[in-house]
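Here are a few friendly notes to read alongside the model.

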Amino acid sequence: MAILTEEQTMLRDMAREWADNESPVTAFRKMRDAAPAEMFDAEAWKAQAEMGWAGILVPEAQGGVEMGFVSLGAVLEQLGRTLTATPLAATSAATAAIVLGGSEAQKAAWLPRIASGEVVATLAVDEGPRFAPDRISASVSGGKLSGTKEFVTEGDSAGLFVVAAADGLYLVAGDDAGVSRSARYLADSRSHAQVVFDGAAAEKLADGGADLLIKVTDRAAAATCAEMLGMAEAAFAQTNDYLKTRVQFGQVLASFQALQHRMAKMFTELELMRSAVEGAFEAIDANRPDVPQSVSLAKAIAGDTLNLVSREMVQLHGGIGMTDEHDAGFYLKRARVLETMWGNASWHRERFARLGGY
Amino acid sequence: MATAPEIDAPADPLEAFRSEAREWLAANFDPDLRGKDNSMSAVEGPNDDTPEQAAWKNAIGAKGWSVPTWPKEYGGGGLSRAEARVLQEEMAKVGAWNPMGGSMGVMMFGPTLLEYGTEEQKQEHIPPIVRGELRWCQGYSEPGAGSDLASLQCFAEDHGDHYVVNGQKTWTSGGQWADKCFMLVRTDKSKKHEGITFLLCDMTSPGVEVKPIQLISGSSPFCETFFTDVKVPKGNRVGAEGQGWTIGKRLLQHERNSLGGGGSSASRLFAGAPLSALAKKYVGVDAEGRIADGELRSKIIKHEMDMRAFALTLRRVQLDAKSNSGPSAATSIMKNVGARIMQERSELLIEIRGMAGLGWEGEGFDEDALKDTRHWLFGKAVSIYGGSSEIQNNVIAKRILGMLDHQ
Ligand SMILES: Cc1cc2nc3c(=O)[nH]c(=O)nc-3n(C[C@H](O)[C@H](O)[C@H](O)COP(=O)(O)OP(=O)(O)OC[C@H]3O[C@@H](n4cnc5c(N)ncnc54)[C@H](O)[C@@H]3O)c2cc1C
């Protein structure tokens, strides 16, 4: 566990309590079955904004609390545990882009509306099904952006897009006439959309420097890792509890050494995952030069660990784990989507190697 | 090599059979049906056959080649193992598939009944299985009896010429589409294994009720099945009262054998485009024309090599098996390896396609990708049903390696 300030500890505990009481997995199931157009729980999002979470990365001058990534991570982790469906992670990634690269006018125009929860914001980077920040062909001429972005998280409802074009990041308002969206239904029942920008009015984020895109996608990856950490933790805990109650051969499953050792291995991996993920948040908050390495370490380990734990959750629950009525499938499906988002384990190991001169 | 026995050298009678098979296929298999089988039909229920599919099903059923090695007297093909292999090769050449291959009747119940059934039972039940006229389901698992199957509680009470069955089964695959059920019931509460009896129950009997359960893959291939005062004639008992555990275990061996790749359902799940071509399409190639992502490339290579080793092992096991000895101890090994490889393949398909490999429904995905998402999820069951991987490992440790029970 990272050393949290008193304020951060309070925030984390509050998020945990809220997720357990107000947003258990049954809430996600309800959202999935109702399938609203925005594909998230609007009430939960409102409540989160009221608690100030949408403004965690937003400077105080623009109505936020500016608590940084360790705090954001602590909250997203709690939401991951119960699979809470809200656009907090996507919005935070877009917020980071504006904070890092926006002009004062751009900050003033968007950040207060983000902090209040009025605007859902998101990043639109990829133009294919795999993470490829080096393959951007969307382009801007005369202030008009054109290009197609695939699998944009919360793309169904976003009021603001931070779009990667060949020459930098741009802000595009969701209600611009040049923006059209088509829902893409993935296994995780969350919002992903294809967004077509056809001459949409675009304003460049001018202050961020040449590596702004990388800085921003690293922050998006870190936010994803937080959710993955919470999911892995919850999937593990539920499996552990189940093994202690299910009786076969006259004994609880937890008494079989073959299963004990598997749980022990997962527990060990989870400890490594937590250190790697929290390490990335700390690097970001300290603005250290090794943010890219730290994020790649976190995302690679998070991907592998959550993959393992989500597979084992289904396997160790037996037939029950295969049913839609049980929650195991939700963790399995969401896990693969988050694993794929912002670079999978292979992608990040490859980058880690490159950065280290291997 | 010159002095080695030429196991694979074609003997003349086999070549004669090869031409017979070839001619018959040319006359009966419509090449337009190539690749038109539904590999999930065994679990997703009957889909409406087109007239061409129905004609093919009738033809192969009448010939008995849906079960080539079963005896002719019950409608089977009466072929030797060598002939059956030739038939399989010839079918593969023209892309022909076996419409009955994945059914529980063919994979599990038929072989067991041939071994333990009375003459009357075989005459009654085997021919409809061969022709694919009746669907069977497996009434084994109960809410409290999964891996520990012998703790089952569903009870059959002796009423002279019939039994009266009360209890619940669960995870009954295809229960909602099945005509008949082979089931394990308890006839004696005082003994664990020796109190179990093997019965055949008509699913249309009064008192049988099925409730479909939805799976994480979105389909509803299995059911909770409830039995309330269901009458089962004594003539529907296979083997003696109390002998059900022996027969039931034998059937499980057949099930595991077919799941491990010995049967056609597993080999069909392995079919599909080579992963390397798909990876090149989605990931691109480097300057030397190799898959651009080095780690993905090694994963794919490892998988392809595992698959080859698996296929070679399958062949070795088949050659080793003395004719008619049925599934052997290798069954558990093959089931576990088969399950692992199948699941790794599905995970790789997702990794290769990225977000496009996780499509659920609607626009923006190609049909193969959508199918592969569902297969990925359904495939998680392969290491659970038919005796989970953990249970197979216990079998290997105890029965093959002579290791001891937890004291
Ligand atoms: C898709 C699907 C189709 C099925 N079709 C049928 C069907 O048609 N008919 C039918 O009767 N049943 C069917 N089953 C049921 C299946 O056979 C059982 O799910 C299986 O036997 C496991 O039992 P369980 O689900 O109760 O899991 P449990 O027995 O509760 O096992 C839970 C976990 O604990 C592990 N475990 C249990 N005991 C031990 C041990 N001693 N040592 C180590 N690990 C152990 C298991 O391997 C598993 O990982 C089906 C199941 C699925 C998923």
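1. A definition before we start: a residue counts as near a molecule if one of its heavy atoms lies within 4 Å of it. Please also keep in mind that this is a predicted model.

2. Where does the ligand lie? You will find the ligand between chains A and B. Around the ligand there are 29 residues, and those that come nearest are Arg246(A), Ser147(B), Trp171(B), Ser388(B) and Glu390(B).

3. Which elements supply at least two residues each to the shell around the ligand? From chain A there is helix H9 (291–317), and from chain B there are strand E3 (162–173) and helix H13 (389–400).

4. Glu390(B) places a polar side-chain atom 2.6 Å from an oxygen atom of the ligand. Ser141(B) uses a backbone N or O atom, which lies 2.7 Å from a ligand oxygen. For Asn394(B), an N or O atom in the side chain is 3.2 Å from a nitrogen atom of the ligand. Taken alone, the ligand would expose 960 Å², and the protein buries 95% of that.

5. Over all chains, the structure holds 48 salt bridges. One of them joins the side chains of Arg349(A) and Asp304(A), with 2.9 Å from N to O. This pair links distant parts of the chain, 45 residues apart: Arg349(A) sits in helix H11 (residues 345–355) of chain A, and Asp304(A) in helix H9 of chain A.

6. Within chain A, Glu66(A) belongs to the loop between helix H3 (42–50) and helix H4 (69–81).

Notes: Residues are numbered from 1 along each chain as its sequence is written. Chains are lettered from A and ligands numbered from 1 in the order in which they are written. This is a predicted model: local features need pLDDT of at least 70, side-chain atom pairs count only at pLDDT 80 or more; totals for chains, interfaces and linings use all residues. Side-chain values use heavy atoms; hydrogens and water are left out. Helices (H or I, at least four residues) and strands (E, at least two) are DSSP runs, numbered from the N terminus. A polar contact is a pair of N or O atoms within 3.5 Å; within protein, one must be able to donate a hydrogen and the other to accept it, and residues adjacent in sequence count only if both atoms are side-chain atoms. Accessible areas come from the Shrake-Rupley method with a 1.4 Å probe; for residues, only the protein chains shown count as cover. A salt bridge is a side-chain nitrogen of Lys or Arg within 4 Å of a carboxyl oxygen of Asp or Glu.
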